[in-house]
Amino acid sequence: MKSMNRRDFLRKSGLAAAAMGLGAHALGPHIVSRAEGARTVSASEKILVALIGCGGMGSTDLYGMMGTGMVEVVAVCDVDDSHSARVAKEVESRQGKAPKVEKDFRRVIANRDIDAVVVGTPDHWHALVTVYACRAGKDVYVEKPLSHEIAEGLAMIRAARQNK
């Protein structure tokens with residue numbers, strides 16, 4: 001079986017989350033199971049993920065990633081305590097371990113243990129959080145719209161390329 005790297009994982013789980021989001025309105029809630037054909041991974045091989053922005057789409061994306069069985073959610077971050085508490089509770093029920101809850105995204109990004117972040121913040125924060133995360137060496141999945149201005153999008157691309 002072909003091994004999957006982090007970037008492939010983020011791309012595929014993002015597509016799965018997007019597909020769920022499109023169908024969720026018409027079909028009601030979905031139950032996400034481990035991706036067909038995906039290998040089982042040990043705890044030491046799991047991708048450590050944090051969610052920055054715990055609103056509707058960010059949490060939907062995160063739950064889609066969790067459904068693959070390849071991630072452990074170690075942190076959730078939102079300025080609204082009710083949003084982060086709701087997502088932290090759901091993550092704990094799904095993975096059996098509570099994530100750390102933060103208000104300041106910079107603390108999440110500074111955590112060297114975190115491999116990847118899901119950016120589900122309000123649209124006008126996408127660029128800043130993505131650039132900071134790339135500079136910290138994190139893999140990033142960012143919700144759409146990617147940015148509001150062409151200059152923001154170019155800065156995001158530059159940060160991703162410069163930090164691989």
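Throughout, buried means under 20% relative accessible area, exposed over 50%, and partly exposed in between, with a 1.4 Å probe and protein chains only. This is a predicted model, in which local features need pLDDT of at least 70 and side-chain atom pairs count only at pLDDT 80 or more, while totals for chains, interfaces and linings use all residues. Residues are numbered from 1 along each chain as its sequence is written, and side-chain values use heavy atoms, with hydrogens and water left out.

1. Let me start with the cysteines. Taking a disulfide as a pair of cysteine sulfur atoms within 2.5 Å, a search of the whole structure finds 0. Cys-54 is in no disulfide, and the nearest cysteine sulfur, in Cys-77, is 7.0 Å away.

2. Next, a helix pair. Helices here are DSSP runs of H or I with at least four residues, strands are runs of E with at least two, and both are numbered from the N terminus. Helix α5 (residues 126-135) packs with helix α6 (residues 150-162) at an angle of about 15 degrees, and their axes are 9 Å apart. The axes are lines fitted to C-alpha atoms, for helices over the stretch in contact, and angles run from 0 to 180 degrees between N-to-C directions.

3. With contact meaning heavy atoms within 4.5 Å, His-126, Ala-127, Thr-130, Val-131 and Cys-134 of α5 meet Glu-152, Ala-155, Met-156, Ala-159 and Ala-160 of α6. These contact residues divide into 7 nonpolar, 2 polar and 1 charged. The classes are Ala, Val, Leu, Ile, Met, Phe, Trp, Tyr, Cys and Pro as nonpolar, Asp, Glu, Lys and Arg as charged, and the others, Gly among them, as polar.

4. How much of α5 is covered? Mostly: 7 of its 10 residues are buried, among them Val-129 and Ala-133. The cover over the buried residues of α5 includes β1 (47-52), α4 (105-110), β4 (116-119), β5 (139-142) and α6.

5. Leaving aside residues up to four places away in sequence, Val-119 touches Ile-52, His-126, Val-129, Thr-130, Val-140, Tyr-141, Val-142 and Glu-143.

6. Finally, some backbone details to inspect. Most residues other than glycine have a negative phi, and most peptide bonds are trans. Lys-144 and Pro-145 are joined by a cis peptide bond, with omega about -5 degrees; Pro-145 is in the loop between β5 and α6. Lys-164 is not a glycine, yet has a positive phi of about 50 degrees. Lys-164 sits in the segment after α6 and is exposed, with a relative accessible area of 73%. Gly-137, which follows α5, also has a positive phi, near 85 degrees.
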